[in-house]
Every structure is written in C-alpha cells, then in structure tokens.
Amino acid sequence: MVRFAAFSLATTALVGAAAIAVTAAPAAQAAQAASGGPQYGTFGFDLSGMDRSVTPGDNFYYYANGTWLKNTQIPADQSSYGSFNTLDDLSHTRTRDILEQAKADPSSKIGRAYATYLDTAAIEKKGLAPVKPLLNQIKALKSKAGYPALASAIGGSGVPIPFAAFVSPDQKDPNKYLMRVSQAGLGMPDRDYYLSADPKLAATRAAYEKHVAAMLTLAGEPNAAARAKAIVNFETKIAQVSWTRVESRNASKTYNKMSLAALEKSAPGFNFAGFFRAARAPVNEVNVVQPSAVTGIAKQIKAAPLGVLKDQLIVRSLDAFSDVLPSAIDNESFSFYGTALSGTPQQQERWKRGVDYTIGSLTDEVSKIYVSKYFPPETKAAADAMVRNIIAAMNRRIDALDWMSPETKAKAHEKLANFTPRIGYPSQWHDYSKLRVVAGDAFGNELRANQWRRDDNLSKLREPVRRWEWGMTPMTINAQANPDLVAITFPAAIMQPPFFDPKADPAVNYGGMGAVIGHEMSHHFDDQGAKFDVHGRLSDWWTPQDVAAFNSRLDKLDAEYSAYEPLPGMHVNGRLTMGENVADLAGLTTAHDAYIASLNGAAPPVIDGFTADQRFYLGWAQVWRRNYREANLRQRVLTDPHSPNEYRSNIVRNMDPWYKAFNVQPGQKLYLAPADRVRIW
Ligand SMILES: [Zn+2]
C-alpha cells in the first residue's frame, strides 16, 4: 500500500504555510479549506479525532484516532472505511463529472460505455441472452481433450479459470517478457476458506456452496445442489495442492523458468501447448510460479468429471459478468462476494460501479482527462522534490548501518541511484482504437474490453518491455514499488490530504506522504525486494553474512507482528505481512530523517501544543485510521499482505524518537526495551 506526496523547494515554503495556520482559530474542516487553511484541522491533523484518554504508549493508534474510530460509521456499501476511502470517494465523484460530460458527446467512447452501463432497464430486458453464447460454448464441450482450448477462450473473455496465465517481465532478465503460469481455480479468496477448521470459515464455505447452487439454478441448470457440491469438492482438492500466500510471495521459490515442453512433462494432466495455441500466444518458455501446485491442479483437472469442469466455468462466467446481467444474478453474486465474504450489507450505487467499470475498460481515456483537470504540474514538481529528499535520507541510513558490509552497502547505493520515480500519471497512454464500444450492449462492451486487455497482454510477447506502463491508474489511492523496473510509482490521486496538503505543517506531510514514499522505496529493500539488484534482476547480490544479519532482524519483526491478535484466536501472519511491515518500518524511519534534514538546523515551531516530532507521528497515524467489518477484517488477515491498520500505525514502537516525543515509559503496552526495538534500515 502506499501513497505519495512531494514537495520540492517546498519544505521551507511549507513551514511558512504552517506558521500561518498556527495562528488561525480552530474551525470546521470546510471552513478551514475555504479560508485557505489545511483540509484537516489547524495544521493538517484532525485533533477532534483523537482520544486523549488513551495513553500514546498504550495504543498510539487509538490515542491519535480513537474518537474518529468511535464516531465513524462504515457506509452501507463499504466493507471498511478510512482515509483511503475518503479520497477514493473523491476520485469517484470527480470521475463521474468527467463521464457525465462525456455522455453528451456521441463520439466519446467513455461516455457511451458509461451511459450503456448505467442503463439497467435495458440489461434487465435482455435477460440471459447476452451471456448465452458463452454458456453454450461451455455446454457444447463434448470431451476433456477440448477443455484446455475452451479454458483459454473463456479465460480470455475475463472469466477466472484454474490457471492464471499472464505476460510480465522475466525477473532474471527484466528487459524481456515471459509468460507466467500461476495457480488459480478457487472461487473463494484463499485456500484457508476451503481447508480451515475455523467455524467462521466453515460457515463461509457453506454459504459459498449455496451461492454456487443458486448461480446454476439462475442459469437454468437442474440438480443444482449436487452439482454445486461437486464444484466445491473439486476446488477443495485444488486448495489442498495450492501454495500458501507466504510461499507464493517468495521471489526465489516462485522463479522457475522452463521450456513449454518441460512444463507439459511436469504437469501431464493439462495440455498447456493446446491452451496457448488456442490463444495464438507464441509461448516457448514459461515461468511456473508454483510448480507443485500447477502439477497438482493439472492432475485434478485430469481426474475431474467433464461435467464438473464445465459447471465451474458456467458459475465463474455468471459471477464475472454479474454486473452486466439481470439483477437476480447481480444480487446473488453480491450476496456472497459482498455480504458473506466482506460483511457489506449493500451494493454500491450504479454510478459508482459505472465509474469503476469505465476506468477498468478504457483506463487511459479517463485518466488523460482526470490528470488535466486535477493534477497541476506544480504538484508533480513538488512530489519529485520530496522523493529526492527521501532517497537522500535512505542513502545516509545505508551508510550508518552497523550490520551490513561495505560491499553490499556500495551495491545498495547503486540501486538507489538507479531508481525511477513515476509520479502522477504514465508518460504514455494505451491506444483503444481497436476496442469497439456499442451503445446499448453493456455485456458486449465488458466482454470486448476483457478480450482487449488479454490481447494487449499477449502482444507483449512480441514487444520490448514497456517501461512506461503502470499497474495503477492516476485515480487510484495507492502507490507501488516495481522491483523489475527499479521504479516507485505514485498516482495523482494519493497526493492529497490527509497524505499530502500543501497548506499543512510539513511534519504532518512527512509523516503521511513522506512515509508513503519511504514505504515504496523500502519495498526495494524488503525481504523480497532486496533480492532484486541494481538492474531489477533477481540475483544474489548480498554477502551471505549480510543475508544472515538481515534475516535475524526479519525474524524479530515476524515475532512482533505474529503476536498481534485482531480477532479472537486469529493472529496476524508475520511472514505474510513481512514485506509491508519492513516497508512501514524503514519508510517511516527514513521519512523522519528526511523531515529533520529539511529543517536545515532550524528549530521547528510547537503548534497547538504539539512538538514537530509529535505532529510527524500523528500524521502517520492519521492516514491509517479505518474501521473494518468483521468479515472483511477476517478476509484481510487471511489474504492481505498488509497488517491491519492499527498495527501499521503502531510500528512507531520500534522508533526511538517516538518514545521521546510521547514520553513512553516501561510498563506501557507498546513499550519495547531499546534492545527489542527492530531496526533494519
Ligand atoms: Zn507496500
């Protein structure tokens, strides 16, 4: 997760802005913004959201956010709600304005796509007719021999199939593309949902089987209950051979380049050559991400009755296209994926889904307009500068490490020098001229957009690596580290309050956006990112002694996070969340250094009774405030590489300046003796 912000010559300018804010009387947010103050509170932090009855050393997250957490209801159409969602709502309403305007222009593809998506009466009227050709194609399959070609076609239409095949840079030779084949085939978010004895997960499993049966019934299929049971049994066998998420995030174990012939030999139950031939994909080599799982899934496909394989594709097709099919299907899909899995009571309004759909289909056509309206060039310049400050701070931290050898340090410096920061929006746009958008054909538009995306991905097999291409949109509230490109990426929309506010105190901006920049940068040096060298190649560039010293620090952080228990009996998985926890730890530490350096020796002011260091850490805690529905929290603990936000916020317990800033003492719940604080970068 991420965010971004930037300030260029800005650090001093920001201090000035903050000084003005100090003298302003506290007022409501809107009034503040209207009068030229920061959007949050008097200096960029929402003081009214604190709970000062909580001792910071007992729970910093509640101290900083407790009143907000108590008073904030999760909207009925959300599974959780916090700072990221506030900005996401803003991205949605801005994009809606863009699309509403585009609707008036008959030549606008995005306007036509959006208007057609909104016309639910037309969707209702067509019933199942639009999806019938897809379903008939599945039902027409007469023998197992034809399954790989069918799966290839259905998968290419945007429907999940038992393998995920996707072209991305070769991790050991990142100037070339390579086909990746990964495990897939589960209709629930993780193997644990199929295999765990936890009664809550068993209940979700039962709800899933009911959902699968309901979809078969809606498709007009008889014997739905028995057929649903057979699908769930098949998927349970896939779950049994699937790798865990901890195994799947291991960059070394998931690099297994082999010839297509070698893959066919190692996974004889599935004709991979036929699968790629059907997609007209020129594949001779593949990276098999989870070899034993791919072998195991191929074996299960071979063992499964043909009817079960077909039924699974039917159900997946209806779920994949539920948003452009009649409401009976849409509602059924939501009742499982929205309510049972995430605890969300209510489907989002159609316009919000239409915004998401249009962004997903014609991403750059929307992005171009968005950045021209909502991303001033000054913000990009400011971001560039903040990135430079954070990189400089990281260089100083590397020099100061007591556990790393000079050889490895020299290479780490080289890697930092080779970073490409990507800020706001990509330098090049995709061309959608071949994508047909037909008024009144919501299903067809979605289908063609999915096929366009697949074809575009496969076309990379014939192209040099697109260094300009992003995995996020400028409207996304997130940021990214791209190990093979040695890049860090910050979309336009995250560079806003509370992450970054040009009118806020710089300490708060460094605790927010600065830490997000530090976080993304640190991903290149987390437990997996550190395996990629100066050129983004997966390679051993550390001395063995340095690896050992690094690993012992990781073990300590694992123990710290695995001790957290967000739900009764359910602990954070310290290994699954390792990369993100390292990035939070290193990112916040580095951002603090960069903030101190930005002061150039001047003493920062006390504002509203808070010192600069206090404001820095409060700014960090503020971006993480979030309420979760229980089912959503459970799903995240099982699947999300990020720790729940309370523990992300409380990473501060590893940082000496935080102890000093809030006078944290032994005996308080977050207190760690200096020797127990984890220090990595
Ligand atoms: Zn991250």
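**Rings, helices and loops in a predicted model**

I'll start with a charge over a ring: Lys415 lies over the face of Phe525, at 5.1 Å from the ring centre. A charge counts as sitting over a ring if NZ of Lys or CZ of Arg is within 6 Å of the ring centre and within 35 degrees of the ring normal. There is another case, with Arg350 over the face of Tyr117 at 3.9 Å from the ring centre.

Some ground rules before I go on. This is a predicted model, where local features need pLDDT of at least 70 and side-chain atom pairs count only at pLDDT 80 or more, while totals for chains, interfaces and linings use all residues. Residues are numbered from 1 along each chain as its sequence is written, and side-chain values use heavy atoms, with hydrogens and water left out.

Now the aromatic pairs. The structure holds 41 of them. Rings of Phe, Tyr and Trp (its six-membered ring) pair if their centres lie within 6.5 Å; planes under 30 degrees apart count as stacked, over 60 as edge-to-face and the rest as tilted. One of the pairs is Phe163 with Phe270, tilted, at 4.9 Å centre to centre and 55° between the planes. What does this pair tie together? Phe163 lies in strand β2 (residues 163-170) and Phe270 in the loop between α13 (260-266) and α14 (272-278), so the pair joins parts that are 107 residues apart in sequence. Helices (H or I, at least four residues) and strands (E, at least two) are DSSP runs, numbered from the N terminus. Both Phe163 and Phe270 are buried. Buried means under 20% relative accessible area, exposed over 50%, and partly exposed in between (1.4 Å probe, protein chains only).

Trp542 and Phe550 make another tilted pair, 4.8 Å centre to centre with 35° between the planes. Trp542 is buried at 11% relative accessibility, and Phe550 is buried at 4%. These two also belong to a cluster linked by ring pairs, together with Trp403, Phe419, Phe525, Trp541 and Trp681. Phe525 is the ring I opened with, the one under Lys415.

Next, helix packing. Helix α10 (residues 199-218) packs against helix α17 (residues 327-342) at an angle of about 170°, with the axes 10 Å apart. Axes are lines fitted to C-alpha atoms, for helices over the stretch in contact, and angles run from 0 to 180 degrees between N-to-C directions. The two helices are therefore roughly antiparallel. Angles under 35 degrees count as roughly parallel, over 145 as roughly antiparallel, 65 to 115 as roughly perpendicular and the rest as oblique. Residues of α10 that meet α17 include Tyr208, His211 and Met215, and those on the α17 side include Glu332, Phe336 and Tyr337. Contact means heavy atoms within 4.5 Å. By class, this contact of α10 with α17 has 11 nonpolar, three polar and one charged residues. Ala, Val, Leu, Ile, Met, Phe, Trp, Tyr, Cys and Pro count as nonpolar, Asp, Glu, Lys and Arg as charged, and the others, Gly among them, as polar.

How do α4 and α18 lie to each other? Helix α4 (residues 83-103) and helix α18 (residues 350-361) pack at about 75°, with axes 10 Å apart, and are therefore roughly perpendicular. Among the residues in contact are His92, Thr95 and Arg96 of α4, and Trp351, Val355 and Ile359 of α18. The residues there divide into four nonpolar, four polar and three charged. Thr95 is buried, at 0% relative accessibility. Not counting residues up to four places away in sequence, Thr95 touches Val355, Ile359, Val366, Tyr370 and Met475.

On to Arg625, in the loop between α26 (612-623) and β9 (626-628). Is Arg625 buried or exposed? Arg625 is buried, with a relative accessible area of 5%. Arg625 and Gly49 are 576 residues apart in sequence, yet 9.6 Å apart in space, C-alpha to C-alpha. Leaving aside neighbours within four places in sequence, the contacts of Arg625 include Tyr40, Asp46, Trp68 and Tyr81.

Last, some backbone details. Most residues other than glycine have a negative phi, and most peptide bonds are trans. The bond from Pro497 to Pro498 is cis, with omega near 5°, and Pro498 is in the loop between β8 (487-491) and α23 (506-523). Asn600 has a positive phi, near 50°, and so does Asp608, also near 50°. Asn600 is exposed at 66% relative accessibility, while Asp608 is partly exposed at 34%.
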